[in-house]
Amino acid sequence: MQYSTDTIAAVATPNGSGGMAVIRISGPEAVSCSDQFFQPLRGKLPSQMEGYTCSYGYFINANHEILDDVVLTVFRNPHSYTGEDTVEISCHGGRYLSQKILRTVLTCSRVRLAEAGEFTKRAFLNGKLSLTQAEAVADLISASGENAVRYARTLRDGATFRKISAFSQVILETLSDLAVWADYPDEDIPNIDADTLGVKMQQLLSDMHQLMSSYDYGKILREGLHTVIAGKPNVGKSTLFNVLSGCERSIVTDIAGTTRDVVEEQIRLGDVILRLSDTAGVHHTADTVEKIGVERSLSSLAQADLILAVFDMSQPLSDEDRVLLDKLPAEKTILVYNKSDKSSAAFNQDFLLQFSPVDTVEISAKNQDNITELQNAVEHFAARHATPAEDGMIANERQRVCLENAISAVQEAADALAMGFALDAVTVSLDAAADALLQLTGERVTDKVVDTVFSRFCVGK
Ligand code: GDP
């Protein structure tokens with residue numbers, strides 16, 4: 001893929017006031033352009049500086065007016081983030097000043113404003129990063145939560161790339177064995193043994209499936225755990241929802257059935273991001289509006305990653321509670337016994353004990369008692385889905401589709417072997433698998449895909 005070798009510049013730090021801001025310039029003119037506007041207090045002009053060195057001085061405009069005192073750092077190609085000559089100007093914070101410096105830089109000929117993600121795109125195009133690593137940079141920027149940051153950093157260091165490269169290696173070796181065997185049938189080359197090849201393919205498939213299973217956890221880190229608060233009317237769902245989200249979004253009343261629709265909110269509970277839905281109570285109703293809400297809440301149970309099923313400890317369990325319990329998938333349900341502040345002896349847990357939930361927590365949503373216990377239970381649940389960061393991760397839909405295509409192509413190859421098809425058929429499938437993996441890492445990828453990946457970035461990265 002080709003790109004123009006003009007020089008790009010942008011403010012690399014977020015908008016808004018802060019202690020300092022950084023303007024980044026990358027490309028062949030980065031250093032000569034900086035020479036025009038930087039007056040070193042003691043040291044050298046940028047063009048005289050070695051890579052990885054910095055200098056303190058004034059940033060001046062075309063009229064020789066001082067705009068700010070700055071620290072200027074020079075990175076020499078290829079030892080920079082983009083792989084090009086790069087200059088970073090650290091000035092005092094504030095949008096006004098950083099924009100003024102940027103505008104001055106942009107008056108240099110052949111220097112233009114960077115597009116979103118263009119610095120990282122250049123790093124990719126210069127072979128500094130694989131596409132999966134570049135995507136991890138975008139994830140790092142938007143990561144919320146310690147786990148998400150840790151994962152994004154490991155992926156930025158190339159964990160997924162290494163894993164995919166190992167898969168590609170197995171496939172390419174097999175393809176080369178098959179090619180030698182097909183091209184030189186008369187030579188004294190050991191026959192390809194379909195059984196050994198079959199075992200190799202099965203191992204590869206199992207490794208690929210294992211990597212694919214990391215996608216669910218990646219989704220949880222990125223988007224949060226899709227969590228539904230379920231329960232019959234008046235058990236305290238909205239109160240719990242409000243406690244967790246820290247604001248009054250649902251209507252809390254004593255009239256049964258007032259939460260008619262699914263309200264959604266993204267919150268952080270400890271280190272877990274929850275996409276929290278408060279559903280209409282699951283109960284029998286003749287009211288049409290409520291009925292729609294109930295249907296929606298049942299379908300949201302099926303789609304949820306986690307269900308907080310709320311029961312009222314101040315009353316005996318009712319038929320409605322039992323109906324709800326019937327619909328709950330135990331493996332993703334935490335039972336929440338609410339209203340512990342007025343718990344009644346009539347609350348009969350025996351029935352609930354037959355159910356094997358992920359966890360059971362007693363709380364008082366109204367008094368905010370034991371919410372930390374609930375937080376611990378949710379964190380434990382999320383941790384059970386965790387895969388070691390070092391094993392790499394399928395972090396987004398683009399990567400998932402590529403890996404899925406690779407898996408089905410390897411599966412085709414394995415099937416062809418098992419059915420005793422000609423080895424040509426195996427070669428065709430393995431070629432397709434290798435292609436899908438090269439697309440995943442970005443080694444063989446279309447301009448359109450690259451543009452889509454980098455359009456997710458912010459300007460300056
Ligand atoms: P929902 O219909 O399940 O959403 O229930 P709400 O959150 O609207 O609560 C129904 C009633 O129960 C309200 O009057 C709440 O104030 C009350 N409530 C909720 N949680 C508790 C609790 O922990 N203890 C007590 N005593 N009352 C609660």
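E11, helix H10 (residues 319-327) and E12 make a β-α-β unit, and the unit is right-handed. A crossover is called right-handed if, with the strands pointing away from the viewer, the path from the first strand over the helix to the second runs clockwise. Helices (H or I, at least four residues) and strands (E, at least two) are DSSP runs, numbered from the N terminus. This is a predicted model: local features need pLDDT of at least 70, side-chain atom pairs count only at pLDDT 80 or more, and totals for chains, interfaces and linings use all residues. Residues are numbered from 1 along each chain as its sequence is written, and side-chain values use heavy atoms, with hydrogens and water left out.

**Around strand E12**

- Strand E11 (residues 306-312) pairs with E12 in the parallel sense, over six bridges. Two strands pair if DSSP finds at least two bridges between them.
- Leu 308 has Ile 334 as its bridge partner in E12.
- On the E13 side, E12 is joined to strand E13 (residues 359-362) by four bridges, and the two run parallel. Here Leu 335 stands opposite Thr 360.
- Strand E12 (residues 333-338) is largely enclosed by the rest of the structure, because six of its six residues are buried. Buried means under 20% relative accessible area, exposed over 50%, and partly exposed in between (1.4 Å probe, protein chains only).
- Thr 333, Leu 335 and Tyr 337 point one way from E12, while Ile 334, Val 336 and Asn 338 point the other way; all are buried.

- Ser 314 sits in the loop between E11 and H10.
- Leaving out residues up to four places away in sequence, Ser 314 touches Lys 339, Lys 342, Ser 343 and Ser 344. Contact means heavy atoms within 4.5 Å.
- Ser 314 and Phe 347 are 33 residues apart along the chain, and their C-alpha atoms are separated by 6.4 Å.

**Nonpolar cores**

- The largest nonpolar core has 36 residues. A nonpolar core is a set of buried Ala, Val, Leu, Ile, Met, Phe, Trp, Tyr and Cys residues joined through side-chain atoms within 4.5 Å.
- The residues with the most contacts inside this core are Leu 225, Leu 240, Leu 244, Leu 308, Ile 334 and Val 378.
- Helix H12 (residues 371-384) gives the largest share of this core, six residues.
- Domain 2 (137-214 + 391-442) and domain 3 (220-383) each supply at least three residues to this core. The domain bounds come from an automatic or database domain assignment.
- A second, separate core has 32 residues, including Phe 167, Leu 205, Ala 409 and Ala 434.

**The seven-stranded sheet**

- Seven strands form an open sheet with mixed pairing, in the order E3-E4-E5-E6-E2-E1-E7.
- Strand E3 (38-40) and strand E7 (111-113) are at the edges; each has a single partner strand, so one side of each is left without a neighbour in the sheet.
- From one strand to the next, the twist averages 30 degrees.
- Strand E5 (residues 66-75) and strand E6 (residues 86-92) pair antiparallel over five bridges. Val 71 stands opposite Ser 90 in E6.
- E1 is mostly covered, with five of its five residues buried. Thr 7, Ala 9 and Val 11 point one way from E1, and Ile 8 and Ala 10 the other way.
- E1 pairs with E7 in the parallel sense over three bridges, and four bridges join E1 to E2 in an antiparallel arrangement.
- Ala 9 has Leu 113 as its bridge partner in E7 and stands opposite Ile 25 in E2.

**Helices across the sheet**

- Helix H1 (residues 30-37) lies across strand E1 (7-11), strand E2 (20-26), E3, strand E4 (53-60), E5, E6 and E7. H1 runs at about 70 degrees to E3.
- Helix H3 (residues 118-125) lies across E1, E2 and E7, at about 140 degrees to E1.
- Axes are lines fitted to C-alpha atoms, for helices over the stretch in contact, and angles run from 0 to 180 degrees between N-to-C directions.

**Ala 416 in helix H13**

- Ala 416 is found in helix H13 (residues 397-418) and counts as buried at 4% relative accessibility.
- Not counting residues up to four places away in sequence, Ala 416 touches Phe 421, Ala 425 and Val 426.
- The C-alpha atoms of Ala 416 and Ser 429 are separated by 8.9 Å, with the two residues 13 apart along the chain.
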